[in-house]
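Have the model open beside you as you read.

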Amino acid sequence: LAEIGRVVERGLLSETDADALQKEITRRLEKVREGASGPQSAGVFGNAEIAALMIVIIFVPAGAFGFYGYLGSPDKPDLPMSARNIASPEQAPQNQELSKLAENLAAKMAQNPERLEGWMLLGRTYMTLQDYPKAARAFGRAFGLGPERPDVGVSFAEALYMASGGRFTAEADKALAASARAFPAEPKTMFYQGLSLAEKSKFAQAIQMWVNLRAVSPPNAPWLPSLRERLADAAQKSGIDPATVKPTLAPTPTFAPPAAPVAPPVASAPNIPGPTREDVEAAQQMTSEDRQAFIRSMVQRLADRLEDEPDDLAGWKRLARAYRVLGETAKAEAAEKKIAELEKKAKP
């Protein structure tokens, strides 16, 4: 848990993904039985699997930025068959471990199909393995559970795009549209929306989308080099000078360079109760029953705070996810009802 905070501080992991990983580790803490040293029971992640999940969660988003670079070369020739999807000897053991992880996680998701975060982890694992059809199926399950989450929609669209050989299907465009409705300034969504528009020869709309993306991006954003190449290609094909196109989105604090290191999620974010370092150290000494009580106490602290701050939409979303992880369906549904009310109230 402490390592997750350090990774977030270095900018390698988003708060959404950090939150997902923390919940997975917390879920494991809840299920592990004191003194268990034999084979793990079904549904419980081992140390090796947690480490693999760390690799997937941290490096798949980083790899996505590298993918922008690949997409940023419109005239890049097709790779010869001999150069495609061949792992080096150094990569083979890692791929074998990830393949095993994917198989185990897929089996667990068959038993727990309502766990959105599990489908996201499975989809990311398949993306790392370059098994895009399976990634698309996993992200599709996640999209069915949480179409309102922008990271879910764009992940589904990206996997569909890769699975179809670099073409946007109607389903991929639908997922991108859902992601854009949830968060219009999400960079990855905007990049792919522009790419889809350019594919359909709608260059004016594509240029507008990419000009908007450039406007909301921080100066050191990793997608800017490929974005500039895409803009230049669209300008050449359409005769439209991007310099004459004004952005319709303004920079947002979400993507502004932070003035200070980002605080670890949950543990240090203001007004969001979570485990402190002392809490974690204490949890390591607890019995399984005490650990479960400790985890539930953290969730209860969040629920208590929301009684005093009932309009905190992000807090209610966190609480709903926590209840889902704990298997408290009725409480999760009540929290989700509150989320729907707040979202309806927030609409103009």
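This is a predicted model: local features need pLDDT of at least 70, side-chain atom pairs count only at pLDDT 80 or more; totals for chains, interfaces and linings use all residues.

A residue is called buried when its relative accessible area is under 20%, exposed when over 50%, and partly exposed in between, using a 1.4 Å probe and protein chains only.

Residues are numbered from 1 along each chain as its sequence is written, and side-chain values use heavy atoms, leaving out hydrogens and water.

Now find helix α9, residues 187-199; helices are DSSP runs of H or I with at least four residues, numbered from the N terminus. Twelve of its 13 residues are buried, so α9 is largely enclosed by the rest of the structure. Just after α9, Ser201 takes a positive phi of about 65 degrees.

Next, the rings. Those of Phe, Tyr and Trp (its six-membered ring) pair if their centres lie within 6.5 Å; planes under 30 degrees apart are stacked, over 60 edge-to-face, and the rest tilted. The structure holds six such aromatic pairs. Phe168 and Tyr192 have ring centres 6.3 Å apart and planes at 70 degrees, so they meet edge-to-face. Because Phe168 sits in the loop between α7 (150-163) and α8 (170-182) while Tyr192 belongs to helix α9, this pair ties together parts 24 residues apart in sequence. Finally, ring pairs link Tyr161, Phe168, Phe191, Tyr192 and Trp210 into a cluster.

Note on methods. Helices (H or I, at least four residues) and strands (E, at least two) are DSSP runs, numbered from the N terminus. The expected span of a helix is 1.5 Å times one less than its number of residues.
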